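Hi,

Here is the structure I promised to send over. My notes on the packing follow below it.

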Amino acid sequence: MKQDMILILDLGSKENAKIAREVRALGVYSEIHPHDITLAEVQALPNVKGIILNGGPNRVVDGVEIDVSKEIYNCELPVLMADHKGDAPWPEDDEARKQALSNFIFGGGGAEANWNMDNFIADQIELIRRQVGDKKVLLALSGGVDSSVVAALLIKAIGKQLTCVHVNHGLLRKGEPEQVIQVFRHEMDANLIYVDAVDRFLAGVADPEQKRKIIGGEFIRVFEEEAWKLEGISFLGQGTIYPDIIESGTKTVKAVKSHHNVGGLPEDLDFELVEPLKMLFKDEVRACGKALGLPDNMVYRQPFPGPGLGVRCLGAITRDRLEAVRESDAILREEFAKNGLEGKVWQYFTAIPDIKSVGVRDGKRADEWPVIIRAVNTVDAMTATVEDVPFALLQHITHRITHEVPGVNRVLYDLTPKPTGTIEWE
Ligand code: XMP
C-alpha cells in the first residue's frame with residue numbers, strides 16, 4: 001500500500017469531515033470511523049499512523065456519554081485529542097489547528113505526505129482485488145459523476161469481472177446514453193449492458209412525489225430484472241461518496257435524508273458492496289475521475305437530479321414535452337458553453353410546464369408550450385441566487401429554442417432565488 005493513513009474516530013463531533021479535510025490538506029490520507037471500532041479492526045486497516053479523537057466538548061450523543069475503548073487508548077499508535085477532553089485545549093484558530101495537526105501527523109505519527117490521486121487509485125485497486133478475488137461485480141452505471149468514476153476504477157482493477165448496467169429511462173439529457181456507451185464500451189472495453197426502457201418510464205402521473213417514486217421504483221425493477229439474468233454475481237459496486245454517508249446518518253449523527261444512491265438499489269439484491277469512493281468528498285471524486293482518464297464533461301458535469309428530466313417535464317410526462325425539454329436543454333447547454341458560462345454557473349436547465357399559450361407560427365395562431373430557463377448559483381443547494389445572464393444571450397437562446405424546438409413558442413427566464421423558489425420546478 002502506498003499511502004499512510006490517519007484515523008479519525010467519530011465521537012459525535014460535527015467537525016469530523018472538517019478535520020478529515022484538514023489532514024488531507026496536509027498531504028496525508030484520512031478516514032473517519034465509528035467510535036466503537038475495535039483495535040483488531042484498526043490493525044486490519046493499512047498504514048495507520050495515528051488516531052484522532054474528535055468529539056466536541058462533551059462527547060455526548062442522545063444524552064449518553066460515549067468514548068472509544070480502553071484498548072484503543074492503550075494501543076501503540078499515537079492518539080490526538082482534538083477536542084477538550086485531553087490535557088491541552090484544542091486550538092480554535094485555523095493556523096494553530098493546522099500546526100497542531102501537522103506536529104501530530106508528521107512528528108508523533110511519523111506519517112509521510114503521500115496522499116495523491118495516483119497513490120489513492122493504486123491502493124484502491126489493490127483493495128478491490130483483495131475484496132473481490134476472482135468473483136464478479138455488478139454496477140448500475142447512470143453516467144453521473146459518482147457511478148462513472150466507480151466504473152472506471154473497477155474496470156482498472158478487475159476488468160471483465162465487472163458488468164455495468166446502464167438503464168436508459170429516457171429521462172437523461174441529450175447525448176448522455178450515447179456517451180456512456182462510447183466511453184465505457186468502446187474506449188474502456190467494459191462489459192456494458194445497455195437497457196432501453198424508455199417506454200416503461202412514461203407514467204401518466206402528475207404529482208411530483210408520486211412521479212419520483214414511480215421513476216425510482218421502475219428503475220429498481222429494470223435493474224433487478226437484468227441482475228437476475230446474470231449468473232455468478234457476488235458483489236454490487238456502488239458510487240457512495242462520503243457526503244452520502246453523512247446525510248444518511250452515522251452512529252452519532254442522525255440522518256438528514258435517506259440515501260438514494262443510484263436510485264436506491266433493492267435490499268433483496270443481497271450482494272456484498274464494493275464502495276471504493278466512500279471516503280472521498282465530491283471534488284476528490286472528480287479528481288479521481290480525471291486521473292482515471294474520464295472526459296471533462298463527465299467529471300465536471302453539473303448536478304442532475306436522480307429522476308432526471310422527469311421532474312423538468314412538469315405534470316404528467318408526455319413524450320413530446322419530454323423531447324422539447326431535452327432539446328431546449330441541449331441548446332441552453334451549447335450556448336452557455338460557447339459563451340464561457342459552462343463551469344461558471346452552478347446549475348442551469350430548462351423546464352416545461354403543462355400549459356399552452358397562444359402564439360403565431362407561420363402566420364397563423366398556434367397553441368404551444370413555453371420553456372422556462374433556470375440558471376442558479378449556490379454553495380450547498382440550500383439557498384441559491386439567479387445568474388445574471390446577459391440579455392442579448394437570453395434573446396439569442398430564445399430565438400433558437402422557439403425556432404428549433406417543435407411545439408415551443410415562448411421562453412421565460414426564472415428570476416426567483418431560493419427561497420422562495422426551489423432550484424427545480426417540482
Ligand atoms: P431543489 O429543487 O430542492 O434542488 O432546490 C436542490 C438540488 O437537488 C437536486 N434535486 C434532486 N436530486 N433527486 C436528486 O438526486 C431528486 O429528486 C432531486 N430533486 C432536486 C436539484 O437538481 C438541485 O441540484
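**Aromatic cluster and cores**

Phe120 has a relative accessible area of 0%, so it is buried (under 20% relative accessible area, with a 1.4 Å probe and protein chains only). Please keep in mind that this is a predicted model, where local features need pLDDT of at least 70, side-chain atom pairs count only at pLDDT 80 or more, and totals for chains, interfaces and linings use all residues. Residues are numbered from 1 along each chain as its sequence is written, and side-chain values use heavy atoms, leaving out hydrogens and water.

Ring pairs join Phe120, Tyr29 and Trp115 into a cluster; rings of Phe, Tyr and Trp (its six-membered ring) pair if their centres lie within 6.5 Å, and planes under 30 degrees apart count as stacked, over 60 as edge-to-face and the rest as tilted. With centres 5.8 Å apart and planes at 90°, Trp115 and Phe120 are edge-to-face. Tyr29 and Phe120 are tilted, because their planes stand at 55°, with centres 6.0 Å apart. Tyr29 is buried at 4% relative accessibility, and Trp115 is buried at 14%.

Now the cores (sets of buried Ala, Val, Leu, Ile, Met, Phe, Trp, Tyr and Cys residues joined through side-chain atoms within 4.5 Å). The largest nonpolar core has 76 residues, and those touching the most other members are Ile52, Ile105, Phe184, Leu277, Cys288 and Leu294. A second, separate core of 43 residues includes Leu171, Ala324, Val405 and Val408.

Best wishes

Definitions and conventions. Buried < 20%, exposed > 50% of the residue type's maximum accessible area, 1.4 Å probe, protein only.
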